[in-house]
Amino acid sequence: MSILEAKGVTKIFGGLTAVKEVDFRVEKGEIVGLIGPNGAGKTTFFNMISGFYRPNEGDVLFNGSSIVGLKPSRICKLGMTRTFQIVKPFPELTVLENVMMGSFNHHARSADSRAKAMEVMELLGLAERAGELAGNLPVAGRKRVEVAKALATEPEVMLLDEVMAGLTPAEMHQMIDTVRRIRDTGVTMVIVEHVMPVIMSLCDRIYVLHHGEKIADGTPEEIVSNKSVMEAYLGEDFMIEAEGNA
Amino acid sequence: MLGVYMQSIISGLLIGGVYALIAVGLTLIFGVMKIINFAHGEFLMFGMYFAFFLSTLFGIDPYISAILALPLFLMFGWGIQALLVRPVLGAPDMIQILLTVGISLVLQNLALFFFSADFQSLNLGYSGLTFEFGPARVSYSRLFACVVALSVAGGLYLFLKKTDVGKALRACAEEREGALAVGIDVEKMYKVAFGLGIACVAIAGILMTPFFYTAPTVGVPFTLTAFVVVVLGGLGNIPGALVGGLIVGLVESLGEIMLPVASLKSLGTFIIFILILLLRPQGLFGQKLS
Amino acid sequence: MDYLKNLRPLHFFYLAALLVLFTLPLYAESGFVTGLMPEGMDGSALLHVMLMIFFFGYLSQSWNISGGFAGQLSLGHAAFFGLGAYTSSLLYVNFGISPWVGMLAGMAVAGTFGLLIGLVSFHYGLKGPFFALVTIAFAEILRLIIQHLAFTGGPMGILIPLMGDSWWEFQFLAKEPYYYIALFMMLISIAVVWVIANSRWGFYFRAIREDEDAAEAIGIDITRYKLLSVTLSAAMTGAAGTFYAQYTQYIVPDDLIIVAFSIEIVLRAIIGGAGTVMGPIVGSFIMTPLGEATRIIFEGGGAGISLVSLLQQEIPAGEKFSQYLDYLAAGGGGGLAIMLYGAVLIVVCIGMPRGVVPWLRRRFGRYA
């Protein structure tokens, strides 16, 4: 049984079909990537598997049970947490307090929650900034707080929404490292990303969306040589030219 | 029996016209600036005192005062927006609401201090004149108030539709970023909107002076009624406020004769209010908020 | 938040303040203290003002739980207050039940009403100004109903007869017992909020206030915690209603269950700092004496004046004007205290929206 599965998931807004009958499967321990050009429906799909949107058709299964219609907070309690593309730390609270918000998920007492939060912060290199206000941190720091907050909820599956956006190459390297370390603790991850090198180096498998439909899925090597993927990203004209020259 | 109902329906529609104008002002302010003006009724109250003093001191008829009020209250509203409202436009909802609450407290108590809590009324020659309309008796001053109020509201609607300033206001209401991008002076539009909204409610108050008393707290129930009308008609929706005003006026008036105790008439209004907020918060004419 | 790491000065200040407050009734009548106060105030009046400070501190602190921490703006808290007052008073006057028991009953009734409002509002996703409007509507409906029911005394309210001078009756001839009860209630409310602030509830409330989506994503059941905050806040507010009923011995719907009173509660919390532990208390210590002092200095005013007859008098304009000025100097129609409240509220909203406590913390955090 896959830890996370989407079957024929569809989302229609008014007359517009944003996501069309997408199948998706994640096995425990994997890092799965979700890519596609802008407007491909990645965020909509993401919102559906995390419970923020309700699919018009299809089903989303977490550990074999359907989670469609459940509130995001319930889904988090079941073991799946997400981060937001436009990071939403609680700006007037300290880094520690932010992460504690997450650790309270499984630890009702303040002392336990604090201990767990410190643990997570150590893993993510945030320990020294525990007392700083989250709103005062630079982008990279806030992203890390966002991830820490989510990780503190002790999820089985973590959904990372464009966690690399806005980071410098050096910061990206650090984040890639962080993601690997998180996976090593046993967390399965699904990441939505625009930055190709990141996807290629991190993911075990990749799904590609275009115009709301799944056009490819496979290992990074398979995706990189996939014609429809290249077409989607580069446009048909370029493809024809490339073929002519080959 | 028919006579009683007819009387009630007519009175309800007449006061409804005034409610419509009050609500139009409130909904304009909300539509353009997304601020719920809890001090709205206080400007009505100041309009009434304005007319009262012009009449008592200089013998100026309220209907003339209404015309004078337009530029004066426009400037008053402009000033208040520039000085007090603008600084909180980016602040959390709660702070914006409480700012207007603060303005309401200050205005109410300024009136209380200077004019006392005593009810003041204008007794003009024509205040009590009525005519017969079938089985019902209609007061001229209430009829005029309704007609003028609806005309002013209608005038505002045309202003928004046809003039450049009006279109700029609508642009700000619909899409602030877009309006900025095409060079509209959004800051100025906010002042205009607030000024116009205030002028509307002040004029509505002035129109009532021939038949309604003036006191520092007279505005409070009208603010609440205006909220009900605005939510009923859809926030930011001017035709909605017009229709909503008439409906609320009607409901209140019929409530007076149908409920066991007349003073419970506002109960009906509040219950409608809660029902609308729960079942159809976008109002009768509003778009569904995503 | 990390109180354990804070320095001593603030704790010494609290200790000293508590000492003064606990012993004040002993020397309130003394010449030294009376000399310090504005004209027209004596020891008894001082105790009354302090009592009012504690009373409003308690009320604002109760509001703070749902309004400050969870960020749900309620402008109808007067309804919970009124329910508490009416419940205990009706039980006392009709059945002789001790107001202390009545207070608990009142808290239950008020809490239930709060739960109801919450269930209805949050289930339908009402937020921000819409929620505020609903609370106003509910309070108005309650007031109208109470005003028209015979068994609640109608518009005339309930007069609590003087039945004794004892703790069981919650009635005293002297002010001192009321003073201490109010003080204890305020201290208890501080304790409750302090515990909440440092617990999961407090964290979750603040998450809801800051960003509901982010809160949902990390497992916080928004509706459940909003309901908790409103119910608790309402119940605590109800207890203050009982205190008020027993202190003033007369409750009238038009004085109690009105928006103006709800605003007074909210105002102190906002000015002091909504969402902080000491904010509402600081707010009450600042605003309540200001209001009381204004009332006393300007003799309250409140006299009526018929402007029409003044204007139509057959005397020269200059004399009319000086008569009017005399009227104003005597306090005019009243309302200066509330005007001041409104002005401070405006200034705080514009210049110090987080309130006095966060501002103090930024300036003097070193001493905390």
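In this predicted model, 40 residues of chain B are in contact with 41 residues of chain C, contact being defined by C-beta atoms, placed from the backbone, that lie within 7 Å. On the chain B side, helix 2 (40-58), helix 4 (93-115), helix 9 (219-233) and helix 11 (265-279) each supply at least two residues. Helices (H or I, at least four residues) and strands (E, at least two) are DSSP runs numbered from the N terminus. Helix 4 of chain B gives the largest share, 17 residues. By residue class, this side of chain B consists of 32 nonpolar, 6 polar and 2 charged residues. Here Ala, Val, Leu, Ile, Met, Phe, Trp, Tyr, Cys and Pro count as nonpolar, Asp, Glu, Lys and Arg as charged, and the others, Gly among them, as polar.

A word on conventions. Residues are numbered from 1 along each chain as its sequence is written, and chains are lettered from A and ligands numbered from 1 in the order in which they are written. Since we have a predicted model, local features need pLDDT of at least 70 and side-chain atom pairs count only at pLDDT 80 or more, whereas totals for chains, interfaces and linings use all residues.

How do the other chain pairs stand? Of the 2 pairs of chains in contact, chains B and C share the most contacts. No contact joins chain A and chain B; their closest C-alpha atoms lie 11 Å apart.

Chain C itself has 17 helices and 2 strands.

Let us return to chain B. The axes of helix 10 (residues 238-258) and helix 11 of chain B come within 7 Å and cross at roughly 140 degrees, where axes are lines fitted to C-alpha atoms, for helices over the stretch in contact, and angles run from 0 to 180 degrees between N-to-C directions. Helix 10 of chain B is therefore oblique to helix 11 of chain B: angles under 35 degrees count as roughly parallel, over 145 as roughly antiparallel, 65 to 115 as roughly perpendicular and the rest as oblique. Among the residues making the contact are B:Val248 and B:Val251 of helix 10 and B:Ile272 of helix 11.

Finally, chain A. An open sheet of 6 strands runs in the order 6-7-8-3-9-10, with mixed pairing; two strands pair if DSSP finds at least two bridges between them. Strand 6 (80-82) and strand 10 (213-218) of chain A are the edges. Strand 9 (residues 205-210) of chain A pairs with strand 10 of chain A in the antiparallel sense over 5 bridges, and A:Val208 stands opposite A:Ala216.
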